[in-house]
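Biologist: I'm new to reading protein models, and I'd like to learn how to do it. Could you take me through one, feature by feature?

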Amino acid sequence: MSSSDPKSRPKPGSWPPAPEAAPLPPSSWAKRTGFRPKFSGETNVSDSGQMSLPPRPREPDNQPDLEAGRARPLPVANGEPEGQKAVADKDQKVKRRRDSDGLPKGSSPGQNGTANSNGHAGANGATEAAPRRVARNEEVVDVLPQSTDDDGFVGSRPSHMMYELRDTPGLVPIGLYGFQHYLSILGSLILFPLVIVPAMGGNSEDTSNVVSTVLFVSGVTTLLHTTFGSRLPLIQGPSFVFLAPALAIINSPGFRGLNGNNFKHIMKELQGAIIIASAFQALLGYSGIMSLFLRLINPVVVAPTIAAVGLSFYSYGFPLVGTCIEIGAVQILLVIIFSLYLRKVSILGHRIFLIYAVPLSLVITWAVAFLLTETGAYSYKGCDPNVPTSNIISEHCRKHISRMKNCRVDMSHALKSSPWFRFPYPLQWGTPVFQWKMALIMCVVSIIASVDSVGSYHASSLLVASRPPTQGVFSRGIGLEGLSSVLAGLWGTGSGSTTLTENVHTIAVTKMGSRRAVELGACILIILSLVGKVGGFIASIPHAIVAALLCFMWAMLTALGLSNLRYSEAGSSRNIIIVGLSLFFSLSIPAYFQQYGISSHSNKSVPIYFQPYIVASHGPFRSKNGGVNYVMNTLLSLHMVIAFLVAVILDNTVPGNQQERGVYVWSEPETARREPAVIKDYGLPFRVGRVFRWVKWVGL
């Protein structure tokens with residue numbers, strides 16, 4: 001239609017005409033071609049899937065309030081916003097940052113292969129121009145805030161972080177912040193052994209030794225990961241992904257009726273399974289197979305898989321809290337009050353209650369339990385809590401023995417008996433025992449752990465790094481996680497050592513993303529692991545308090561898993577149905593396997609909260625091969641396995657565009673090699689990268 005057509009003529013606007021809006025910086029495609037837009041801004045697709053309107057006259061960027069979920073108001077001086085000066089200062093800051101990263105004067109970090117606010121790259125790897133104002137649906141940034149720089153790249157050197165990936169403010173600050181980082185994630189490090197060691201029949205001394213071993217291995221593997229892995233500030237430790245399969249192996253039919261030290265016998269079997277599975281994970285990473293597998297893993301797959309890990313322990317959480325309700329309920333209420341109602345309270349510039357919600361509530365509740373124990377609240381005449389339940393004759397003592405064991409803080413003698421110095425050493429429980437059926441279960445679990453790491457790598461890189469990592473860096477990180485889990489199997493932690501999901505929340509809350517701070521904190525953790533009394537104190541925590549903390553940790557894990565949906569179209573009917581089916585079947589199908597062939601009078605020797613993990617002895621899968629029956633019944637009773645299978649099949653077969661699915665987009669290797677900032681973020685130190693330059697699938 002010609003321009004003379006009256007229908008195509010522009011309608012007259014208001015009079016007097018509005019001042020012309022300042023144009024947005026053009027995208028990288030426009031920079032290469034010299035295209036200059038006629039409008040005030042380039043059309044862009046936002047995270048919500050709606051087309052962004054041309055922006056209003058440029059306004060100064062005000063940083064969002066991480067807790068209030070909205071932008072902070074701009075200060076006004078002499079009737080004029082002070083934002084004009086802030087914009088100029090920001091431009092100077094960006095210019096200085098480019099110079100420090102070694103970029104050419106006319107270049108920008110947003111060119112060639114960068115991502116938009118959803119982690120997606122534009123056409124031909126180019127960056128799409130982002131709207132200058134934060135969209136309404138992006139203002140709620142309680143966990144993972146994202147900021148847009150002048151080049152339209154979201155997450156590039158975010159200014160809301162106190163310390164970023166390569167910042168080294170000094171020995172004392174990074175030491176304090178590094179120790180704070182580990183304190184805030186304390187629950188994920190210490191609660192795993194407090195669950196599995198008693199389940200294996202271990203005593204308080206065994207629990208103390210395993211706790212010290214977990215702290216030691218976590219420190220060592222974190223140093224390895226920040227140096228030779230993904231190089232992101234991610235703490236490695238015993239992931240809850242390994243907890244359900246570990247409990248299933250511990251409650252295997254072959255371990256019932258063992259005489260002698262059940263703990264060491266079961267631990268050696270568990271070590272063998274973890275070592276084989278870890279070697280399999282290392283092979284996936286360093287061979288480059290993980291880069292191919294990465295194409296199937298999207299936010300719609302990661303979200304229900306990780307959420308199912310937290311939801312799967314509902315039968316363990318509050319039932320054990322109820323054994324000492326007055327202590328367990330106090331613990332739950334305190335951690336909720338600290339993390340939610342007092343999260344905005346700041347002391348000396350730090351949100352103490354939000355950052356230290358778990359350790360603060362733990363100390364207070366333990367002190368309350370100690371006072372109740374010392375005042376005789378859990379002492380009953382003629383009853384000794386150290387006597388086995390089977391040897392108690394008095395009906396009066398049988399009635400109160402559960403409260404005595406779960407409420408008293410002196411039930412564990414680990415604090416008194418533990419030495420001041422103890423060095424954890426490999427094979428301390430004996431030579432590992434290898435069985436193919438247990439190893440096969442753990443190999444499947446190692447794939448789930450790798451899926452967990454996908455979301456953690458991507459989200460943390462948007463917070464602290466200049467760009468998301470390349471697929472090669474991701475494969476390298478998975479490979480090193482496999483080697484780290486081999487070390488965990490040799491030392492005998494009862495779990496693999498992988499990236500903890502809670503890392504992302506901790507980084508966003510503490511605003512600390514310095515790699516050096518995490519490394520120094522890992523050194524402090526190694527030193528603490530050598531003090532036997534530390535493990536003894538942790539082992540003395542009553543079971544009810546442990547269960548109450550686990551309720552909070554598993555709820556956080558579920559929420560963090562679902563938070564990955566913000567990288568996709570969360571309101572899409574396609575995604576809603578896929579996530580809903582994945583979560584429902586992850587609860588319903590394992591329930592069928594767990595309840596099949598079980599009666600109310602069977603397995604009375606197993607506590608009620610461990611009943612879901614004895615499915616190998618009565619599951620519906622019954623063939624002529626007992627080993628195949630064991631593997632199939634156990635795997636199909638794991639909630640995370642069902643969630644992953646349903647999500648990955650549906651997400652990769654149901655049609656959907658890239659933006660709707662929220663496909664993770666990683667940095668292109670060619671582009672990353674040309675940007676000094678990316679090389680400094682992910683390049684291997686000590687010129688190790690040059691030795692393995694030919695291995696293109698595990699590096700930049």
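This is a predicted model: local features need pLDDT of at least 70, side-chain atom pairs count only at pLDDT 80 or more; totals for chains, interfaces and linings use all residues.

Biologist: Okay, now helix packing. How do I read that?

Modeller: Two packed helices are described by the angle between their axes and by the distance between those axes. The axes are lines fitted to C-alpha atoms, for helices over the stretch in contact, and angles run from 0 to 180 degrees between N-to-C directions. Take helix α9 (residues 299-311) and helix α22 (residues 573-595): they pack at about 30°, with axes 10 Å apart. That makes α9 roughly parallel to α22. The cut-offs are under 35 degrees for roughly parallel, over 145 for roughly antiparallel, 65 to 115 for roughly perpendicular, and oblique for the rest.

Biologist: Is the crossing of α9 and α22 left-handed or right-handed?

Modeller: Look at the near helix: turned anticlockwise from the far one by less than a right angle, the crossing is left-handed, and if clockwise, right-handed. The α9 and α22 crossing is right-handed. On the α9 side the contact includes Val300 and Pro304, and on the α22 side it includes Ile578 and Leu583. Sorted by class, that contact has nine nonpolar, three polar and no charged residues. For those classes, Ala, Val, Leu, Ile, Met, Phe, Trp, Tyr, Cys and Pro count as nonpolar, Asp, Glu, Lys and Arg as charged, and the others, Gly among them, as polar.

Biologist: How do α5 and α17 cross?

Modeller: The axes of α5 and helix α17 (residues 471-491) come within 10 Å and cross at roughly 155°. That makes α5 roughly antiparallel to α17. This crossing is right-handed. Among the contact residues are Phe216 and Leu224 of α5, and Leu480 and Trp491 of α17. By class, the contact has eight nonpolar, five polar and two charged residues.

Biologist: Which cysteines does a disulfide join?

Modeller: A disulfide is a pair of cysteine sulfur atoms within 2.5 Å. A search of the whole structure finds one, and it joins cysteine 324 to cysteine 407, with S to S at 1.9 Å. The link is right-handed, with 130° about the S-S bond. Cysteine 324 lies in the loop between α10 (317-321) and α11 (325-341) and cysteine 407 in helix α14 (residues 395-407), so the pair ties together parts 83 residues apart in sequence.

Biologist: Is cysteine 324 buried or exposed?

Modeller: Cysteine 324 is buried, at 0% relative accessible area, and cysteine 407 is buried at 0% too. Cysteine 523, at 33%, counts as partly exposed.

Biologist: How many residues of helix α20 are buried?

Modeller: Six of the eight residues in α20 (residues 532-539) are buried, which leaves the helix mostly covered. What covers those buried residues includes α4 (186-199), α5 (204-228) and α15 (414-417). Helix α4 is itself mostly covered, with 13 of its 14 residues buried.

Biologist: Last one: what does threonine 227 touch?

Modeller: Threonine 227 lies in helix α5 and is buried, with a relative accessible area of 16%. Leaving out residues up to four places away in sequence, threonine 227 touches Glu519, Leu684, Pro685 and Phe686.

Conventions:
Residues are numbered from 1 along each chain as its sequence is written. Side-chain values use heavy atoms; hydrogens and water are left out. Helices (H or I, at least four residues) and strands (E, at least two) are DSSP runs, numbered from the N terminus. Contact means heavy atoms within 4.5 Å. Buried means under 20% relative accessible area, exposed over 50%, partly exposed in between (1.4 Å probe, protein chains only).
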